Amino acid sequence: MATTAEFDSTTRWERSPKIGLRPEPFGALAYHFDTRRLVFLKSNKLVDLVDGLADHESADAAIEAIIEPTDERSRSAHVKALASLAEAGVIEPVAIL
Amino acid sequence: MTATQPAPVPALVEQLTGGLDAPICLTWELTYACNLACVHCLSSSGRRDPKELSTAEALSVVDQLADLQVFYVNIGGGEPMIRKDFFDIVDHAIDRHVGVKFSTNGYYIDKAAAERMARSDLLDIQISLDGFDAETNDAVRGPGSWEAARRAMDNLAEANFGEFKISIVATRHNFDQLDDYKKMADDYGAQLRVTRLRPSGRGVDSYHDLRLTHDQQYGIFRWIMDHPDVLTGDSFFHLNALGKDTGETLPGLNLCGAGRIVCLIDPIGDVYACPFVIHDEFKAGNVRDEGGFAQVWRHSDLFAEMREPGSAGACASCNAYDACGGGCVAAKFFTGIDLNGPDPDCALGHADDAVAAAMGTAPKPSQDHSRPVRLTVKP
């Protein structure tokens, strides 16, 4: 039932419709209504990124536009964060019709 | 996290202990009425309280939780299915997108109820079973309770409910059965949940006879580490002291969430810091008060105090304190020992003397709905 997927940052992603997001001082709490998993989004920037993913043609492009990383470390840290969110089912690949 | 962030963000654990706008997870005991009389009942349930929330009040609580974006609520009791409006409350919660995990002894899950439950996506059920065999279970939960729980599991499986949970409170009598339980859960396609026994409710009296021995504490720490798919409700965090030398920590947040990320709404609407501290000292308010639940959660003096950084007290000199955080406040309170000191089940044995000295002096829970013991009168 879990909708987890291998993360490929060169493709387009979106926040799963099965996710509830609750804003918190540290970022947000995400709850997956299918798997009943609770996930912490540990910064407001990461919340913006998850919310804005669908507006960009790839996760990489979303990171460039929303996070505006100044170095490779920051870029790869956000790719890694998204990969773990994909593993938890918080984000899903946008289906190509 | 990165060089692009100008101000350091406090660690997540710090933020969680400082309190959130709404609880992550909340326990709501719907009724003190229960058909069983388990010797370790955390809420001393038995008889219905005449001040129990009405259906309208209960539905309003659901609305309040939905407005606060509480993702799910743990419903318990007493036996929640005894309430005639049980399904009305559950259905309303699910309509409002508040997930329901509910805890039951299974007596009222007949075939029809199982089929009804199987149709609901946001409903999660856990059936309590405190012994793998009837003898071990019924000694704690009462005659016939093992059979009723197994029948409920059979009905859920037959109705294709999916992955329900089998929930056991670890005691010194069922400790050796953990592997059997795991196999039972696997056979049902169910998930096993093992939680810690606390000296709450009627557990104040039964705790000393039921709690794990020191050897068993070590055993269960290892067993949980070896079975990461078993749920624990984060209840064994006090045992992390056992992992300090190997760097091992149990899965979960590993902190006391009382009044910070969890709380309890009891059947008459009183809000307590956690399900295991039904005592006036830990009562923050009532959902019937002006402003409702949110007001209590956000502005009660008690919760403000509980969100302040705690004192390590007598644990300050122990090098395992960072791992266990001093353990469970409720367990300390109801064994009558110092709240700023080791947990009564301190895995390193640092509370053993204090527990022995405090024997018989523990505070009584503020609510007791136990049914009076019936004596047989000879003709």
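## Model and numbering

This is a predicted model: local features need pLDDT of at least 70, side-chain atom pairs count only at pLDDT 80 or more, and totals for chains, interfaces and linings use all residues. Residues are numbered from 1 along each chain as its sequence is written, with chains lettered from A and ligands numbered from 1 in the order in which they are written.

## Where the chains meet

Chain A gives 19 residues to the contact and chain B gives 15 (contact: C-beta atoms, placed from the backbone, within 7 Å). On chain A, β2 (19–24), β3 (27–32), β4 (38–41) and α3 (72–87) each supply at least two residues of the side that touches chain B. Helices (H or I, at least four residues) and strands (E, at least two) are DSSP runs, numbered from the N terminus.

That side of chain A has nine nonpolar, four polar and six charged residues. Ala, Val, Leu, Ile, Met, Phe, Trp, Tyr, Cys and Pro count as nonpolar, Asp, Glu, Lys and Arg as charged, and the others, Gly among them, as polar.

## A helix pair in chain A

Helix α1 (residues 44–52) and helix α2 (residues 59–67) of chain A cross at roughly 135 degrees, and their axes come within 10 Å. Axes are lines fitted to C-alpha atoms, for helices over the stretch in contact, and angles run from 0 to 180 degrees between N-to-C directions. So α1(A) is oblique to α2(A) (under 35 degrees is roughly parallel, over 145 roughly antiparallel, 65 to 115 roughly perpendicular, the rest oblique).

A:K45, A:D48, A:L49 and A:G52 of α1(A) make the contact with A:A62, A:I63, A:I66 and A:I67 of α2(A).

## A helix pair in chain B

Helix α2 (residues 55–67) and helix α3 (residues 86–95) of chain B pack at about 25 degrees, axes 9 Å apart. Therefore α2(B) is roughly parallel to α3(B).

Terms used. Contact = placed C-beta atoms within 7 Å.
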